[in-house]
Amino acid sequence: MKHVYTLADLRDPAFAEAMPNAKLAVIGFPIKHSASPQMHQAALDEAGIDLQYIRVEVEPGDVDACFVEMERLGFIGCNVTVPHKLDAMAQCDELTDDAKALGATNTILFKEGKRIGHNSDGPGLARAIFEDFGKSLTELRVLILGAGGGAGRAIATQCAREGSPAIYLSNRTVEKLEPIAKSLTEEHGAKLVYTLSTDEKDLINAANRADLIINSTSLGLHEDDILPLPVTALSARHRIYDAVYNPPVTPLLAEADKLGAKTSNGLSMLLHQGANSYSFWLGQEPNITAMRKGLG
Ligand code: ATR
């Protein structure tokens with residue numbers, strides 16, 4: 001078994017012969033760092049399901065061609081990651097409500113000649129918050145840092161769909177937030193939405209009113225990054241979620257831990273979006289403990 005397959009590999013008759021059980025995959029460009037295979041394989045093995053989950057590197061523009069090959073080979077489905085989430089959506093025959101709401105697909109099911117596009121990131125986030133903090137988004141007023149980015153916007157959309165009682169959107173480039181706030185209210189049923197820049201006072205005020213703070217800025221990826229909000233905005237009653245999981249303890253989480261706040265990182269989002277995709281394909285829940293172990 002190779003670490004990474006290509007479209008040419010799928011087209012090669014030798015592939016079907018050598019890998020008859022490869023029926024699930026993740027596609028992206030590049031794809032070699034994806035942790036999805038070890039996570040899904042662990043759950044498949046644990047359940048005694050004789051399937052293999054592989055990585056396929058697919059160049060931009062080749063998503064449809066890849067799906068054609070997967071359908072020919074009898075694949076059950078695949079995960080889709082950067083940069084293909086929009087292209088994959090365009091290649092689908094049907095979309096789930098989650099895919100429609102988030103405007104992208106990260107999961108495809110090949111069923112009876114149809115391509116069904118789903119998005120497990122939204123449900124995965126909701127599940128992760130519930131598992132990690134023991135409260136659902138329905139009960140939590142949320143401050144989202146970096147809400148103007150791709151990840152932040154998806155998180156905000158899910159908070160609105162889950163019925164968070166108040167959503168505070170912060171972004172360095174504050175102009176990006178108006179259309180997002182409008183869409184949350186008009187299309188996703190958000191109750192109260194406020195927008196703010198990264199001004200210290202505004203962040204402290206919003207944090208005072210929020211129960212959950214989610215960092216979806218890229219700050220925290222590097223050890224010497226500044227915090228995405230002033231430390232004085234944090235308190236022991238907060239739940240702090242960092243979408244970053246590498247490093248596992250970002251400077252934000254370290255400061256929040258010191259204050260006695262409940263903290264968690266993006267690994268649980270990865271895990272629960274994976275679990276949601278698995279159920280979507282196979283119609284059964286995966287063993288989460290096995291999946292978590294698979295992530296190492
Ligand atoms: P993704 O789509 O993966 O979320 P992105 O679109 O690059 O990534 O978004 C990164 C987010 O981090 C954005 O909200 C960005 O703010 P801008 O919209 O103003 O660019 C935010 N971000 C990145 N570096 C930042 C910094 N030094 N301070 C504050 N916010 C930052």
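In helix H3, Met-39, His-40, Ala-43 and Leu-44 meet Leu-270, Leu-271, Gln-273, Gly-274, Ser-277, Tyr-278, Trp-281 and Leu-282 of helix H12, where contact means heavy atoms within 4.5 Å. These contact residues divide into eight nonpolar, four polar and no charged; Ala, Val, Leu, Ile, Met, Phe, Trp, Tyr, Cys and Pro count as nonpolar, Asp, Glu, Lys and Arg as charged, and the others, Gly among them, as polar. The model is predicted: local features need pLDDT of at least 70, and side-chain atom pairs count only at pLDDT 80 or more, whereas totals for chains, interfaces and linings use all residues. Residues are numbered from 1 along each chain as its sequence is written, and side-chain values use heavy atoms, with hydrogens and water left out.

The axes of H3 (residues 36-46) and H12 (residues 267-282) come within 10 Å and cross at roughly 50°. Axes are lines fitted to C-alpha atoms, for helices over the stretch in contact, and angles run from 0 to 180 degrees between N-to-C directions. Helices (H or I, at least four residues) and strands (E, at least two) are DSSP runs, numbered from the N terminus.

A search of the whole structure finds five aromatic pairs. Among them, Tyr-53 and Trp-281 form a tilted pair, 6.2 Å centre to centre with 55° between the planes; rings of Phe, Tyr and Trp (its six-membered ring) pair if their centres lie within 6.5 Å, and planes under 30 degrees apart count as stacked, over 60 as edge-to-face and the rest as tilted.
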